[in-house]
Amino acid sequence: MGKLVRDGVPELIRKSGRTPHVVTLSVAAYRDALLHKLHEEAAELSAAKTVESALEEAADVLEVLAAIAAEHGATLDTIGEIARRKREERGGFGMRRWLEAIEPIPEP
């Protein structure tokens, strides 16, 4: 079953009367697990059927992003600043633009 869980999950399992079997991951395994967790949470966000569940799943994605940032010596503020710069250079997604194709440059 192995999967990365939030720090408080083992204690919640204990409180329910069950016994969790937990190991601490190496740095490399933790980084891999974070990326896997990001995919897992993004899939759950994609499958969300209500606004409330979409926001809950988006919060989970954000928590994983915070952990990824921390693992690289940064914070969500760092990611936010990078996102702000990219938004200034390329724009955001508010206009809902979908790129269908790019025509090649005609040969002379």
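Modeller: Accessible areas come from the Shrake-Rupley method with a 1.4 Å probe, and for residues only the protein chains shown count as cover. By that method the protein exposes about 9500 Å², with carbon and sulfur atoms supplying 58% of it. This is a predicted model: local features need pLDDT of at least 70, side-chain atom pairs count only at pLDDT 80 or more, and totals for chains, interfaces and linings use all residues. Residues are numbered from 1 along each chain as its sequence is written, and side-chain values use heavy atoms, with hydrogens and water left out.

Biologist: Why is K37 called buried?

Modeller: Buried means under 20% relative accessible area, exposed over 50%, and partly exposed in between (1.4 Å probe, protein chains only). K37 has 12% relative accessibility, so it counts as buried. Buried residues make up 12% of the 108 residues in the protein.

Biologist: What is K37 in contact with, leaving aside its neighbours within four places in sequence?

Modeller: Contact means heavy atoms within 4.5 Å. On that basis K37 is in contact with L4 and V64.

Biologist: Where is the place of K37?

Modeller: K37 is in helix α2, residues 27-47. Helices (H or I, at least four residues) and strands (E, at least two) are DSSP runs, numbered from the N terminus. The protein has four helices and zero strands.

Biologist: How does the radius of gyration of the protein stand against that of a compact globule?

Modeller: The radius is taken over C-alpha atoms, and the globule rule is 2.2 Å times the number of residues to the power 0.38. For 108 residues a compact globule would come near 13 Å, but the protein has 19 Å. Its C-alpha trace spans about 75 × 35 × 25 Å along the principal axes.
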